[in-house]
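Please read this report beside the sequence and the three-dimensional view. It begins with the terms, then moves from the core to one helix, and ends with the shape of a chain.

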Amino acid sequence: MACSFIGFGALIHDTGFPLLAGALTSVLIWALPGQVLFVTMWQSGAVLPLIAAAVSLTAVRLLPMTIGVLGKVRLANAARWPEFLLAYFCAVTLWVLSVTSLSNVPRPQQLPWLVGLGFALMWSMVVVVPVGYYLADILPPTMSAAMVFFTPSFFLISLMASAKWRFDYAAIALGCLLYPVARQLAPDFDLLLAGVGGGTLAFFMFRPRRRGLLK
Amino acid sequence: MSASLWVLAAMVPAGLVATYFWRVLGVVAVTRIDPESDVLLWVRAVSTALVAALVMRMVIVPSGVLADIALWHRLAAVIIAIAVFYMASRSTNAGTFAGVIAVALLHVMLGQG
């Protein structure tokens, strides 16, 4: 996880995005694809509603993750507001930790335990991003370039790793293949066009029949 | 500094609200909505394709130091990352780092070719 945020720091350095705002994307967005998307679209001068739409679409995967985490730790008759607090920290790392390391924590303490963990992770990353930023500054160009390359490499491999249905694989392939076309057709809407077009096409080409894969 | 503040102000609607929305829906959904309904699976497909397109954008039209590495080296590194991911029995770490190392090695060994 720290590696991916160091890579993100290098990316911010590379695009010329302000460091303070870049580090605080971890607090305001807290999901790396959304953070990268915000930074790249902002730097290419996209208008705010388009950025918001695209960032929001990358965050859809937080919905099943939140359900997964809450489903494990919530108590049936407890107050609901702590669930909204925990949801704020829900992202892939917390989801993995909720699967792997909750067994040592007594059930009633699991939710506050995850909130504390999420808080600690979030603010650690606020510190780690500037480390990547300054490393990119002092390392030789080839090494900085490799650090920046960490982000696309990590995202693509994570998509492959979390793919469950055939339409997931089709969406990855179509998103990749349609991107150059979308860039030619509409440089300002390239990501949204490739994402919405490729995703919709993938979904209807490989309409999912099997359910129950998310649990 | 003022540039930072301006970006941060923009990030509240386009970042915080845009992402927290789905988490809140998750809290509500945990008792109500089916996360595998057609609409949400379609949105999942769009989300996946959007991140894939974002990957392509970072690889094909990078902004700074990465642009000094030849395009075909960057594309080859992506393919190597995927190949290693499968060879290492779907290890995310192996795949990711293979891509990073490949892009640096291709550049150092083959230059601007």
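A nonpolar core is a set of buried Ala, Val, Leu, Ile, Met, Phe, Trp, Tyr and Cys residues joined through C-beta atoms within 7 Å. A residue is called buried if 20 or more other C-beta atoms lie within 10 Å of its own, exposed if 12 or fewer do, and partly exposed in between, with the C-beta atoms placed from the backbone. The model is predicted, so that local features need pLDDT of at least 70 and side-chain atom pairs count only at pLDDT 80 or more, while totals for chains, interfaces and linings use all residues. Residues are numbered from 1 along each chain as its sequence is written, and chains are lettered from A and ligands numbered from 1 in the order in which they are written.

**The core**

The largest nonpolar core has 110 residues, and those that touch the most other members are F38(A), V55(A), A49(B), A52(B), L54(B) and V55(B). The element that gives the most to this core is α2(B), with 13 residues; helices here are DSSP runs of H or I with at least four residues, strands are runs of E with at least two, and both are numbered from the N terminus. Two residues are in contact if their C-beta atoms, placed from the backbone, lie within 7 Å. When neighbours within four places in sequence are left aside, V55(A) is in contact with I29(A), G34(A), L37(A) and F38(A), and also with A14(B), G15(B), A18(B) and T19(B).

**Helix α3 of chain A**

F38(A) is also one of the buried residues of α3(A). Because 11 of the 12 residues of α3(A) are buried, this helix is largely enclosed by the rest of the structure. Its buried residues pack against α1 (2-15), α2 (19-28), α4 (48-58) and α9 (141-162) of chain A, together with α1 and α2 of chain B. The expected span of a helix is 1.5 Å times one less than its number of residues, and for the 12 residues of α3(A), residues 32-43, this gives 16 Å, which agrees with the 16 Å between its end C-alpha atoms. Just after α3(A), G45(A) takes a positive phi of about 80°.

**Where the chains meet**

The contact between the chains takes 67 residues from chain B and 85 residues from chain A. On the side of chain B that touches chain A, the largest share, 22 residues, comes from α1(B). That side divides into 48 nonpolar, 13 polar and six charged residues, where Ala, Val, Leu, Ile, Met, Phe, Trp, Tyr, Cys and Pro count as nonpolar, Asp, Glu, Lys and Arg as charged, and the others, Gly among them, as polar.

**Chain B and the domains**

Chain B has four helices and zero strands. Its radius of gyration, taken over C-alpha atoms, is compared with a globule rule of 2.2 Å times the number of residues to the power 0.38. The value for chain B is 19 Å, well over the 13 Å that the rule gives for 113 residues, so chain B is more spread out than a compact globule. Along its principal axes, the C-alpha trace of chain B spans about 55 × 45 × 20 Å.

Domain bounds come from an automatic or database domain assignment.

| Domain pair | Distance between C-alpha centres |
|---|---|
| domain 2 and domain 3 of chain B | 21 Å |
| domain 1 and domain 2 of chain A | 30 Å |
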